Structures are given as C-alpha cells and as structure tokens.
Amino acid sequence: MLTGEAIAKMVDFSAGNLHDVDHLLHVFGLAKAIAEGEGLDAETSHVIELAAVVHDIACPLCRKKYGSAPGKLQEKESAPLVREFFAGTDEPQQTVERIAWVVSHHHTYEPVDGAVHQVILEADWLVNTSEGVRDGRPAPTRPAPFFATKTGLALFAAMFPPAAE
C-alpha cells in the first residue's frame, strides 16, 4: 500500500476529527524524519510510515466505548482495527502483523522491540508532548528515557530548547 493511500484512508477513517488528522500527520512527518535521519532501509522505513499513519487507529473506538482514549486502551483495542485497515491491500501479512504489534505497544516504552517500535515511540512522544506544551503544560527539559536515536534526540533539542536565563 502506498503511504499516500494509507494517509487518505486514515483521514477518511477519522471522520472529520481534525485533531486526529493533524496528530497522525505530525507523527508521520517526525517518524519519516527520524527514519531518514537514522539511515534506515526502505522496507523498515515503509513499515514505520504505515505504523505512524495508523498508530492511533483505536482512538475513535475508545472514545465511543470508554469515553476517552488513554494509551493503554488504544493498545488493547488496536490490533483488530489495524488488520481490518490493511485487509485487501497488497501489504504482506507479516508487515501487517508487525504494524499491529507496534501499534498495540506504542505507549509501552520498555522493552523497545526494534527500529520500527523505537521510531514510533519517539515520534509519538514528541508530538504528544508538543501538543501538551501548546495546551499550557511546561516544556520538558529532557527527552524521555527511552529515546535512543540521534535524530530523535536532535528533534527534541530543536523542539524544546532550554529556556533563556
């Protein structure tokens, strides 16, 4: 499946929820930047991009079913939705299962299981944190402990520079 097709399908799936659309596009952009910055191969980068697009696929269901969409409930509900999303596409079953696993663990920070999981964790954390800062929370002074990529660390430093004294 082309990444653009996945984005269009996920935007449609979001049913007009502009926050969800903005969030997925922001995570997608940072995940792509991290993957490229780390020099990851094309296949791994493709899986990262697709996982970034669908990482919050369970949010609408969780909001309807539970009244909110905290990370652990998203993880609980996401795998069947991911499989359904990619059903009938040309994505190999192994790729779909890897995406389903990563999306089902995108708020589980340890242990980190491979490059796809690492990049999604970092990109989603950066976006969630920047959204929090825009909503009035204090900016972080250091990245989360699970950060491991030089690109993710550089993005953190650029997004959350130390306050001037």
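**A walk through the helices**

Hi everyone, let's start in helix α5, where Gly71, Gln74, Glu75, Glu77, Ser78, Ala79, Leu81, Val82, Phe85 and Phe86 are buried. Buried here means under 20% relative accessible area, exposed means over 50%, and partly exposed is in between, using a 1.4 Å probe and protein chains only. Helices are DSSP runs of H or I with at least four residues, numbered from the N terminus.

Before going on, please keep in mind that this is a predicted model, where local features need pLDDT of at least 70 and side-chain atom pairs count only at pLDDT 80 or more, while totals for chains, interfaces and linings use all residues. Residues are numbered from 1 along each chain as its sequence is written, and side-chain values use heavy atoms, with hydrogens and water left out.

Back to α5. What covers its buried residues? The cover includes α1 (3–13), α3 (42–54), α4 (59–66) and α6 (93–103). The helix runs over residues 71–86, and its 16 residues reach 22 Å from the first C-alpha to the last, close to the 22 Å expected at 1.5 Å a residue. That expected span is 1.5 Å times one less than the number of residues. Now look at Ser78: there is a kink of about 50 degrees there, shortly before the proline Pro80. The bend at a residue is the angle between axes fitted to the seven residues ending there and the seven starting there. Just after α5 comes Gly88, with a positive phi of about 80 degrees.

In α3, 10 of the 13 residues are buried, including Val47, Ile48 and Leu50. These buried residues pack against α1, α2, α5, α6 and α7, where contact means heavy atoms within 4.5 Å. From first C-alpha to last, α3 reaches 19 Å, close to the expected 18 Å.

Next, α7 and α8. Two packed helices are described by the angle between their axes and the distance between the axes. For α7 (residues 114–134) and α8 (residues 150–159), the axes come within 10 Å and cross at roughly 10 degrees. That makes α7 roughly parallel to α8; angles under 35 degrees count as roughly parallel, over 145 as roughly antiparallel, 65 to 115 as roughly perpendicular, and the rest as oblique. Which residues of α7 make the contact with α8? They are Glu122, Trp125, Leu126 and Ser130, and on the α8 side Gly152, Leu155, Phe156 and Met159. As for α7 itself, 16 of its 21 residues are buried. After α7 comes Gly136, with a positive phi near 105 degrees.

Finally, the loops. Most residues other than glycine have a negative phi, and most peptide bonds are trans. Ala15 has a positive phi, near 50 degrees. You will find Ala15 in the loop between α1 and α2 (18–37). Is Ala15 buried or exposed? Ala15 is exposed, because its relative accessible area is 68%. In the loop between α6 and α7 sits Pro111, and the peptide bond from Glu110 to Pro111 is cis, with omega near -5 degrees.

My last stop is Glu38, in the loop between α2 and α3. Its relative accessibility is 27%, so Glu38 counts as partly exposed. Beyond its neighbours within four places in sequence, Glu38 is in contact with Thr149, Lys150 and Thr151.

Methods: Helix = DSSP H or I, 4+ residues; strand = E, 2+ residues; numbered from the N terminus. Axes fitted to C-alpha atoms, helices over the stretch in contact; angles between N-to-C directions.
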